[in-house]
Structures are given as structure tokens and as C-alpha cells.
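The sequence and structure are shown first.

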Amino acid sequence: MSLALREVPAAALKSAATIRERCRNIAAAATAGQSRHFGIDRARLDDTAALVAAVTRRRYPDLDVPYHSRWRHFETGGIDRKEELDRALEGRSIADRGRAHVDLTVASVLLDAGAGAAWSFVEAESGQRYMRSEGLAVASFRAFMRGAFSARRDDPLRVDASALAAIDTATLASLFQAGTANPLLGLEGRAALLRRLGSALVAQRDAFGNSARPGALLDTLTAQGTRRAVSASTLLETLLDSLGSIWSSGSALDGTPLGDVWRHPHAGGSGPTADWVPLHKLSQWLAYSLFEPFEWAGIAVTGGDQLTALPEYRNGGLLLDAGVLQLVDAADGARTWNVGDELVVEWRALTVALIDELAPRVRARLAAPALPLACILEGGTWAAGRELAAKLRAGNPPLSIDSDGTVF
């Protein structure tokens, strides 16, 4: 990171280490009984770890657990869509294929906020209907394969800034089969996010190798192929530095947009960033989802556990439904919350901190001491959270969040 970036106070809030530190501060306050919203019952962690381990063994009996990644959703329905993409990319260099993989990943992840329970997508190629994250993944994959994000007729398998700039709500609704009878939450917000991505890519053209497409990130982080490894924390910080302007949460510090960063009285810290807790859910989800495209391109991603658990409603829901977290006021479970409300910020921060405590227990249950956090999430906490939600509430999360499609 450049000296100029270090001098910006908001830069400290782009660090995965800061995410973890501030979330642990909030957990310490809740443990001390200072929370108005949640109690923590750590006696429930062992049973929760047993549940997560059982789900993991059922889903991956040989414990060959892949990363928690958007690429898992591209496999939904037992269809290897990566193979389909790679056939279409046949004859291209490894670097060119890598850029296409990164292009798809970035566009798809940014469209991956909660879809709501009423929306679904029918894939013409398979005839199957998909919902939620899987539906969003398949819809975005099919849009990519049709060239919906490309500015070049001779090369549909790419994402270009100029094409993103033309995507409005109606265009996205058509691509995602959304409408009055098939409502997709946050449709306007998703379309606006893609347009802001286009603007950010233009602004970062030089940093992205003079190419206004996400895939040029591969060249940026490997210094045009001279480096064969990148750390997960560097990957995250680069994403936040280069794409930070796309977030419009309303949080800002000294005029700098912060994105998925929120105030909480127990976040700690000092100076201008005191009481801010960074969470960066979609950016971390994007970083995890880029591990494989980088590795396929021959670039090792090191220090994967530098990133945190994703602070979203499946991991957080697991902790609530398993009794590790308990609402101080049960009536709060019936309210609809905004993403910046203190209760929601705290729930998400506690999710990060407590899954750090849960992870070693899951490894012990599985006798897999080296299992990466990205695999525990996949195996794992996200799947167990979804299964509990399906049993208890037809798949709905335990708390209702009014999202614009750019956070949850």
C-alpha cells in the first residue's frame, strides 16, 4: 500500500486485522454484560461445533472441503459450469482465462446480496429453478455467458466498464427474470452498484493495467506476472482501495466512502477511526471467491485465515438459532432493522468474533487441525446456518433486515 494511502485515516479500516480487532472489542463488551442487544452463551459453542462438524462430514465425507466461494454456487444442481466456461475459453492463454474468471467472479459476487424468499430463476439450459444465492449465481453466470457485461461483440466472456455503465434496473430485471410476480430484493441497488463498478474501473484504469475490466486485477496484483503469490490481506486491501468508491452505505470519514463500516460504541480504536467497526462482507466474500481463479492462473494465495468469517445472516443466524447468541429483548426478533442499526452492526461483529472461537472446536471435532477458515465456512457454518433456518423459518433469517442489495 502506498504512503499516501497510509496517511488517510480511513485506510486503517480496510485491514482484515482491524475487522477482527474491532469485532473482538464488541464481543468483549457483550461478554461483560455491556450490550443492550445480545447475551453470549459460550457453553453452547461445543454443541454448535458438533453440529457444524456433522454437516461438514455429511457434505464432504472425505473432508476434502473446498473454499467458501461463489464458485460453489456455480456448481449448483450438479452442473459443472466452470467446465462450460473453460470450453468457451479454449485456446486462450492461462492469463486470459484467469482474467475472464476474475471478471465473472467480481460481477457475480457484487450481485450476491440477499435475494429474498419470493424470487427464483429458471435456467433455460438445464430447465432447473434456483433460488437465493444459487439463483443469483446462475443468473449472473448466464448473463456473463451471453455477453451482457461485455462491450465487445467478438469477445462476450468479459466485463467492461462501458457495458456496466449501461445497465439499468430494467436491464437487470430482464437478465434476472425479476418482476412483479417474481420480486428480487434490492434490484435498483444492484443495478446502481454495477454502474458504480464501471465508474470505479474507469477511474482505476492505470492501476488496472490500462484496462477498465475487473480481470486486470490479476495483472495488478502479480505485477504483470512477475509475482507468483499474493496474500489474502493484500488481496482484500487492494479490492477495497480500487473499488471502494462503489459502496454507498452512507458511512464516510473525512469525505472518504467507507462502505460496509459502521459505528458502534464498543468498537474501540483511537483517533479518527474510533468507534468504527469495518465488516466488508461483500469485499471479503469477493476475496474468498478469488482464491480459486488466482490459483487456476498459477498464483498462490497465502494467509487465507487473515480474512474473517463473513458477517451475514447465515453465519449470524447459526449463532442465534444454536443459542450461542441470545436477544436481550425477544421482541427485537419481530422487528425489521436497517443495516446501520446498532443491533445489526453488533450481531454481525459478534458473528465474526464468535466464529473465530467456534473454528478451533470444529477442527477438533473433525480431527483436521489445519482446515482453513474458508473451508470451515463452506463445510460448515454457512450450510449449518441455512439448514437451521430451513427447519425453523422456511429458510428465512432470524432477524429481518431492510437491505438495498449492497450489504446483505
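Helix H13 is followed by Gly 298, whose phi is positive, near 85 degrees. The model is predicted.

**Helix H13**
- H13 comprises the 16 residues 281-296, which at 1.5 Å a residue should span 22 Å; the C-alpha atoms at its ends lie 24 Å apart, in agreement with that expectation.
- At Leu 290 the helix bends by about 30 degrees, and a proline, Pro 293, follows within four residues.
- Of the 16 residues of H13, 14 are buried, so that the helix is mostly covered.

**Helix H16**
- H16 covers residues 373-393 and has a kink of about 30 degrees, centred on Ala 383.
- This helix is also mostly covered, with 15 of its 21 residues buried.

- Leu 235 counts as buried because its relative accessibility is 0%, and the cut-off for buried is under 20%.
- Leaving aside residues up to four places away in sequence, Leu 235 touches Leu 217, Leu 221, Val 230, Ala 287, Leu 290, Phe 291 and Phe 294.
- One of these contacts, Leu 290, is the residue at which H13 bends.
- Leu 235 and Leu 286 are 51 residues apart along the chain, and their C-alpha atoms are separated by 9.6 Å.

Technical notes:
Residues are numbered from 1 along each chain as its sequence is written. This is a predicted model: local features need pLDDT of at least 70, side-chain atom pairs count only at pLDDT 80 or more; totals for chains, interfaces and linings use all residues. Side-chain values use heavy atoms; hydrogens and water are left out. Helices (H or I, at least four residues) and strands (E, at least two) are DSSP runs, numbered from the N terminus. The expected span of a helix is 1.5 Å times one less than its number of residues. The bend at a residue is the angle between axes fitted to the seven residues ending there and the seven starting there. Buried means under 20% relative accessible area, exposed over 50%, partly exposed in between (1.4 Å probe, protein chains only). Contact means heavy atoms within 4.5 Å.
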